[in-house]
Amino acid sequence: MPHSPSSASSDGASALSGRVRLARGASPWLLPTVATAAVSLARSRRSGRAAAVAVPATALAAGMLWFFRDPEREITEGRVISPADGVVQSIMPWQDGRTRVAIFMSPLNVHVNRAPLAGTVTSVEHVPGGFVPAFNKESEHNERVVWHFDTELGDIEMIQIAGTVARRIVPYVSQGAKLEQGERIGLIRFGSRVDVYLPQGVEVAVEVGQTTTAGVTRLDRD
């Protein structure tokens, strides 16, 4: 039976180990923000201008720290697991028999993506494009990174799609890498989308509107 959105959320919460680190690839955004907040706070007692800057700078730094969190996960057993935290935006049969599961990631979600299956990375292709909102149909033409994995189910395709704000996708691994299921593979900065193409014959176990947790929510059904 598919998980309900509420049960998926509780599953995700129970699977968090409590350990949180910062995502690789966060430094270009995080370091200047935290530095600005620290300097303005240090000078706020002597300068009204610094005090005025300290409040929004500190709030922004806190938001960045939250956005770039990278919690540890207890990986769920299953053939195909979600690569992303977010909400299932669409489930679409493809002409070649595969089924595309599109997961929309808001700026509030964890943006570190994980391998949906164990296997070998056979290709990582960066495709230039636009930056319309990731929930928009036109986002099919957005900046994206196309992944292919050689797995026990054959070739699995996964696409990281940049959104309006997410203008940088940071892959953590390259072609030829051997991955465990649920291993971290990359970061999308800010709101975005991740598509997974399930092979022909694999039944989808999620539904549109369901909340997913990377490494935790199972996408297929036995």
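**Close-up views of a predicted model**

Of the 222 residues of the chain, 47% count as buried (buried means under 20% relative accessible area, exposed over 50% and partly exposed in between, with a 1.4 Å probe and protein chains only). This is a predicted model, in which local features need pLDDT of at least 70 and side-chain atom pairs count only at pLDDT 80 or more, while totals for chains, interfaces and linings use all residues. Residues are numbered from 1 along each chain as its sequence is written, and side-chain values use heavy atoms, with hydrogens and water left out.

View 1. The chain has three helices and 15 strands (DSSP runs numbered from the N terminus: H or I of at least four residues for helices, E of at least two for strands).

**View 2. Strand 8 meets strand 12.** Six bridges join residues 154–162 of strand 8 to residues 192–198 of strand 12, and the two run antiparallel. To get your bearings, find Met158, whose bridge partner in strand 12 is Val196.

**View 3. The largest nonpolar core has 34 residues.** Such a core is a set of buried Ala, Val, Leu, Ile, Met, Phe, Trp, Tyr and Cys residues joined through side-chain atoms within 4.5 Å. Trp147, Phe149, Val173, Leu179 and Ile185 have the most contacts inside this core. Not counting residues up to four places away in sequence, Leu179 touches Ala115, Ala118, Gly119, Val121, Phe149, Val173 and Ile185 (contact means heavy atoms within 4.5 Å). A second, separate core of five residues includes Val127, Val146, Ile159 and Ile161.

**View 4. Arg184 forms salt bridges with Asp70 and Glu72.** A salt bridge here is a side-chain nitrogen of Lys or Arg within 4 Å of a carboxyl oxygen of Asp or Glu. Arg184 and Asp70 meet at 2.7 Å, N to O. Arg184 lies in strand 11 and Asp70 in strand 2 (residues 69–73), so this pair ties together parts 114 residues apart in sequence. For Glu72 and Arg184, the closest N and O atoms are 3.4 Å apart. Arg184 and Asp70 are buried, and Glu72 is buried as well.

**View 5. Arg221 and Glu203 meet in a salt bridge.** Their N to O distance is 2.5 Å. Arg221 counts as partly exposed at 25% relative accessibility, and Glu203 counts as partly exposed at 42%.

Notes
Two strands pair if DSSP finds at least two bridges between them.
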